[in-house]
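Colleague: Could you take me through one part of this model in detail, please? I would like a close look at the place where the two chains meet.

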Amino acid sequence: MNEERQPNEGDKAKVRRHVVVCVDDEARILAAIRRILRREPYELLTTSDPREALEWIEKRDVSVLVVDERMPQMRGVDVLKVARERSPGTARVMLTAYPHSGMILERVSKGIQRLITKPWRDEDLRRMIQDLVREREAVESARPEAS
Amino acid sequence: MSDTEATGSAASAVSSIQDRAPVVVCVDDEVPILAALQRLLRREPYRLLVTAKPDEALQWVERHKVSVLIADQRMPEMKGTDLLKLVRERSPGTIRVMLTGYADIGAISEAVNDGAIRRLINKPWDDEELKRTIRDLLAQREFQENGAPAPVEAPRTNTLKQANRELEETVRHQTCALRLAQLMLDAVDVPMAGVAVDLKIVDCNRSFARLFPAQGGSLRGTDARSVLPGEVCERIQALLRQPGEEWVSDVPFASERLPVCLTALREGDAAPAVMLRVGSAPSVTPTPRSFSFAEGREVQRILRDDAAPMNVPPVLLQPRTFDAVLSASPEPVIVFDGEGRVLYANAAAAQLLGWDRRQMAGRPARELGLPREIAESFDAERETLSRPERILVGEAACGTPRGTSIVEYALGVVKAEDGVDAVVCTLRDVTAHKQVEEELRRRTLVLEHAVEGVARVSRDGRYEHVNSFLAGLLGRAPEELTGAEWREMFHPDDRVGLEAARRQMMLHGRAEVEVRAVPREGPPIPVHVLLIKTQDQEEGSCGHYAFVRDLRERKRVEEERQRMAAELLQGQKLQAVGRLAAGIAHEINNPVGYMLSNLTTLEDYFRDLARLIRAAEPLVGGSDPAGVRQALERLYREIDTGYLLEDFDKALQDCMEGAQRVREIVRNLRDFSHADEGQMKPSDLNAGLENTLRICWNELKYKATVHRDYGPLPPVLCYPQRINQVFLNLLINAAQAIEDRGEISISTRQENDAVVIRIRDTGRGIPREHMSRIFEPFFTTKSIGSGVGLHVAYRIVAAHGGRIDVVSEVDKGTEFTVRLPISGPSDLAMEAADRESVQAAKKD
């Protein structure tokens, strides 16, 4: 077992690496998420600027987008809405401290795939991203052209 | 109460055992009736099912073999008669019984005739009879089904006869009652009539009918407008709408003008009729001397003292002297002949009636405007009057130039020596007297029913009269208090104050004082006493009036108000904090989130470090360095030690920071929510603003950039938590006013003996028409919040002796300016603030 220890270092193998983007206005949250996902085989991009995240969405093929609900520049919901338009294939996850019922409705209406509350359980977060990546792969392999 | 089968079968325990027990169904929309029937019939040998729903009963009839069905007539969903008709269609064998209070007699009779109803049972029913009836019916049914033909007599006819008999009985009763009422009405001499909502005269008595000779007889059914003047009809209509009682004076009737009393007769909330009474005031308590000339009535008579004649000096017998003597009397005197025509009238009589004396001679009494009782006496009481020892006296209304007067009259008969009869009538105008009586009665009524204590105190300080309220307050009967020393009713310590008040009243005519009254039982009662000097006719006056008001209620209301004020304050604070909960949850959850996460990570890191340490251990114990070195090299390759060392520290630092943040947030929250210690203290308002900003930071940070401009401020004497609440409310308002993104600017300055805090936003502003209302409680244009935030802020600032002002422009923004005196509020404002905070502190 030769696990990757360096977080976020690409494995130059042929296997395509999924891109996971996390956005939160709190740097320490991003640091914590990086630590949790350090052993996962994704390319993890983190930023506290939602606009940067949206650029990545356009330029790269992002598999999973995790966004905090409350940010100074934009609401998480709005970021996910734009992401949906620009890259419908990207799985959308909302990170929230206050999962109230209005949120549930929004989730359904605005096509958010997963909600995860703060504080999260590390294992839950890891597994959720794994699931979403796997779903993505399943969808892609069903398509004639390989990505 | 369930109206299912279950109840039915539970109720008739015996019958549930037998499947083949006959089924009896009862339908009545009134559940208590069903319950009563269940109780009554629970031991009967049949199965009783009850329901309030006709539909359900129909279902049962179709599903089970129902022997007897008993239905009420008046049901909201379906009339009983209709139900029974349906039952007849669907189950002709079911015996149908109607239970009725004789509502809707027409429909019932028809149904009985039709054969839809076999038996009628009256409500309220007789228990035994009901049981017997049902048993009989069941027996009949049994008979019909199983054996010999049913009894010969056609049940239809029987029932019809019985129904008819019962109807007749009821009608007889009612007719009797009506007849009796009519007789009683006619027996009353006062003309009375009843007018219904449609303004038709429902009924009237004979005396009333006589007022309208033109109608010739009964006025029943006549439209009141055709016999009564418009004004009276209007008043009647008004009373029909708004029940009450009122007088209309001077109503013209056929031959005279009379006062009329209108009383609305209430039935529940409706006024179905107005009763008219014509003539003298009903409040006139008939004195033993009152009487009437109505037919067959008892007439009271007074015997003259002595019938012995007195010797009359000849001079008095001369006509002119006679006239002079009688005209010297202020009492009107008229002498009539046997036919009721005027023989003589003195000056006073002429004046009363408004006639020229000479014109009066020879006229009948009727024409003069005298009460008709006098006129009638000639017809009715001729026989009686012919006996000289009788005098008839009475009171009646009399038409005079001034209007209607109440007169006392006396009639006596004189038998002249040559046989000519003369009737002497003396009159006394008691109108004024009656009015005074009435006024006194009214005033006494008012006093009695006043919700204030009223007492009249004599010159020597004793109660002359005490109204029932005051007596009740003092726990004594009014009679007990009459004659008592008035000061005794008050607390000994307060008597000095009372005396002082009394002296002031003597000087200035009135005085007020708050003292304690001492009831017979119970604690002293705080009261407010108003003393008013009475104006007496005599010199050297005078007693006084004391108006006593119970202050307990007021004090209680005061306390209540204060308590509510304090609660409002506290409640609003908690409400504000509650609204911030979402933001605060977020604030706490972020650090908690990465703390937990990092701790897991640190666990991992620690495990790796442990491996390294353990691998190096043998070296310390002196083992083979080469083997150890290999192991370590392997581990170093495996573990990214550089990264680990660096990140370990970072992760740890993040955790520390997170934990401190949480501690700070909790502390802020606790400080903010906590009520005052109850004391004012000198406070740094800049620090207070910062504290408040921290609390609501989450609310603000997504909406606005906050600019701070704090000038140096001296400590301000205040309740710091209250002032923070003001800041919180203003800041939240500012954030909510901003739609998307904007700015909030806070500035603080000292200006002379006050500090000035300005909070400005670039939000949507306040429209001019709302500006005057924004500090009102519960005024809000927002969909969230209750609208008390600004009101509470206003009150807190006012209690501190400060002021709060606002300027605003729609779509530009709003600026609130809070001005607070550095040395705190003045005494008055402080007292109020103290009281409120005491209450609030008590609650904590």
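**The interface and its two partners**

Modeller: Happy to! Of the 147 residues of chain A, 47% count as buried. Please keep in mind that this is a predicted model.

Let me stay with chain A for a moment. Chain A holds five helices and five strands, and along the sequence these elements follow the pattern β-α-β-α-β-α-β-α-β-α. If you take the contacts in chain A between residues at least 6 apart in sequence, 62% of them join residues at least 24 apart. The accessible surface of chain A is about 7600 Å², and carbon and sulfur atoms account for 48% of that area.

Now for the partner. Chain B has 844 residues, 44% of them buried, and its secondary structure comes to 31 helices and 28 strands. In chain B, 59% of the contacts with a separation of 6 or more are between residues 24 or more positions apart. Its accessible surface comes to about 45300 Å², with 53% belonging to carbon and sulfur atoms.

Chain B contributes 31 residues to the contact and chain A contributes 23 residues. The size of an interface is often given as the accessible area lost when the parts come together. For chain B and chain A, about 2400 Å² is buried between them, and 48% of it lies on carbon and sulfur atoms.

Eight salt bridges are found across the interface of chain B and chain A. One of the salt bridges joins B:Glu657 to A:Arg28, with the closest N and O atoms 3.3 Å apart. Across the interface of chain B and chain A there are also 12 residue pairs in polar contact, counting pairs with both residues at pLDDT 80 or more.

Which helices of chain B build its side of the contact? Helix H23 (581-621), helix H25 (641-673) and helix H27 (697-701) of chain B each supply at least two residues of the side that touches chain A. H23(B) gives the most to that side, with 18 residues.

As for individual cysteines in chain B, B:Cys261 counts as buried because its relative accessibility is 1%, under the 20% cut-off. B:Cys718 is likewise buried, with a relative accessible area of 1%.

Technical notes
Residues are numbered from 1 along each chain as its sequence is written. Chains are lettered from A and ligands numbered from 1 in the order in which they are written. This is a predicted model: local features need pLDDT of at least 70, side-chain atom pairs count only at pLDDT 80 or more; totals for chains, interfaces and linings use all residues. Side-chain values use heavy atoms; hydrogens and water are left out. Helices (H or I, at least four residues) and strands (E, at least two) are DSSP runs, numbered from the N terminus. Buried means under 20% relative accessible area, exposed over 50%, partly exposed in between (1.4 Å probe, protein chains only). Contact means heavy atoms within 4.5 Å. Accessible areas come from the Shrake-Rupley method with a 1.4 Å probe; for residues, only the protein chains shown count as cover. Buried area is the accessible area (1.4 Å probe) that two parts lose on being put together, summed over both. A salt bridge is a side-chain nitrogen of Lys or Arg within 4 Å of a carboxyl oxygen of Asp or Glu. A polar contact is a pair of N or O atoms within 3.5 Å; within protein, one must be able to donate a hydrogen and the other to accept it, and residues adjacent in sequence count only if both atoms are side-chain atoms.
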